[in-house]
Amino acid sequence: MAERPEDLNLPNAVITRIIKEALPEGVNVSKEARKAISQAASVFVLYATSCANNFAMKAKRKTLNAADVMAAMEEMEFERFLQPLKEALEGFKKSQKGKKVASEQKQREKEKKADAENGKGKEEDNEDEEERMDEEQEEEEDEEEVEN
Amino acid sequence: MTSAVESSARGRRTALASSTTGFKIDRTSARAGRRAVFSLARFSGNMSANNAGGKVNVSHSLNNKNVSLPMSRVKLIMKSSPDVSSINQDALFVTTKATELFVQYLTQCSFKNGSGKEKNTLAYSDLANAAEQSEIFQFLTDILPKKILAKDYLRSLEERAEDEDSD
């Protein structure tokens, strides 16, 4: 997938919405200001990433994790964000877990169905194998997601 | 997206990667002496500014577990940073959420520091002022430079030249 320079900007509509919600009702925002805020947000991402990456490298890790980003926020003097970010992250993790369980279940049901159609015997052995396969698949999927 | 974006696409990327725009000179007072600054083209737009006062309220819709900004886009930006190999999903979420909080915060600070008169529009100058005045927004001074009139800039150039001559 080619990376066009425009793609390093965040979508206008969402930025505008966040801005409007942050201001009292009836307050307008000039087009220039909106554009500038959007660019500032992109720069913020870069700055945070670079900062977080330093923490990861210090710990000799190649993958940025949430703690690195939190440490970056503190470094950048955005401590005020730490608490809301922690709470939001908990909520996010819960919803991810819910999704995972649901998709695991679906996967198992699919495979059981396939097995039944193939008329395989020794169901218990197969179930163990399915569980192992599921786990491997999950790990692969996670890696794919993270390192494209 | 406007055509201005397309034409300055490369400039934009440079701006994001190295936080400097093509043709620009710095304007800060005192600390290192006087240097004049103005930025050409890139971030120009309309300059309306009516001013009205008012209370600033906290946005509540951002206080949920979801994010509005697309994580895929945020990831693209993060990956354009040198030396970054991979990013864990939780880290991506936290960065995205933090960016939303940042937009909110920058908006509110800029609005609050406005001219103090009755204000019903947030203008570019409010942002530039916030970047200059708040330490927390120092990293934005390059991309949110204050604007001065060309003639003022030229005049200050002349003054500088005169100072140097008289040494």
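The legends below describe close-up views of a predicted model. Residues are numbered from 1 along each chain as its sequence is written, and chains are lettered from A, with ligands numbered from 1, in the order in which they are written. Local features need pLDDT of at least 70, side-chain atom pairs count only at pLDDT 80 or more, and totals for chains, interfaces and linings use all residues, while side-chain values use heavy atoms, with hydrogens and water left out.

**View 1. Confidence along chain A.** The mean pLDDT (the predictor's confidence in each residue, from 0 to 100) of chain A is 84. A score of at least 70 is reached by 76% of the residues. Confidence in chain A is highest in helix α3 (residues 66-75), with a mean of 98, and lowest in helix α5 (residues 123-146), with a mean of 53. Helices (H or I, at least four residues) and strands (E, at least two) are DSSP runs, numbered from the N terminus.

**View 2. A salt bridge between A:Glu32 and B:Lys147.** The closest N and O atoms of this pair are 2.4 Å apart. In a salt bridge, a side-chain nitrogen of Lys or Arg is within 4 Å of a carboxyl oxygen of Asp or Glu. The pair crosses between chains: A:Glu32 is in helix α2 of chain A, and B:Lys147 is in the loop between α5 (124-133) and α6 (150-165) of chain B. A:Glu32 has a relative accessible area of 3%, so it is buried (under 20%; exposed is over 50% and partly exposed in between, with a 1.4 Å probe and protein chains only). B:Lys147, at 33%, counts as partly exposed. The whole structure has five salt bridges over all chains.

**View 3. A salt bridge between A:Lys93 and B:Asp90.** Here the closest N and O atoms are 4.0 Å apart. A:Lys93 lies in helix α4 (residues 82-118) of chain A and B:Asp90 in helix α4 (residues 89-112) of chain B, so the pair joins two chains. A:Lys93 is partly exposed, at 44% relative accessibility.

**View 4. A salt bridge between A:Asp68 and A:Arg61.** The N to O distance between these side chains is 2.8 Å. A:Asp68 is buried at 3%, whereas A:Arg61 is partly exposed at 31%.

**View 5. A:Lys62 and its contacts in chain B.** A:Lys62 sits in the loop between α2 (31-58) and β2 (63-64) of chain A. Its relative accessibility is 66%, so A:Lys62 counts as exposed. Leaving aside residues up to four places away in sequence, A:Lys62 touches B:Ser85 and B:Ser86 (contact means heavy atoms within 4.5 Å).
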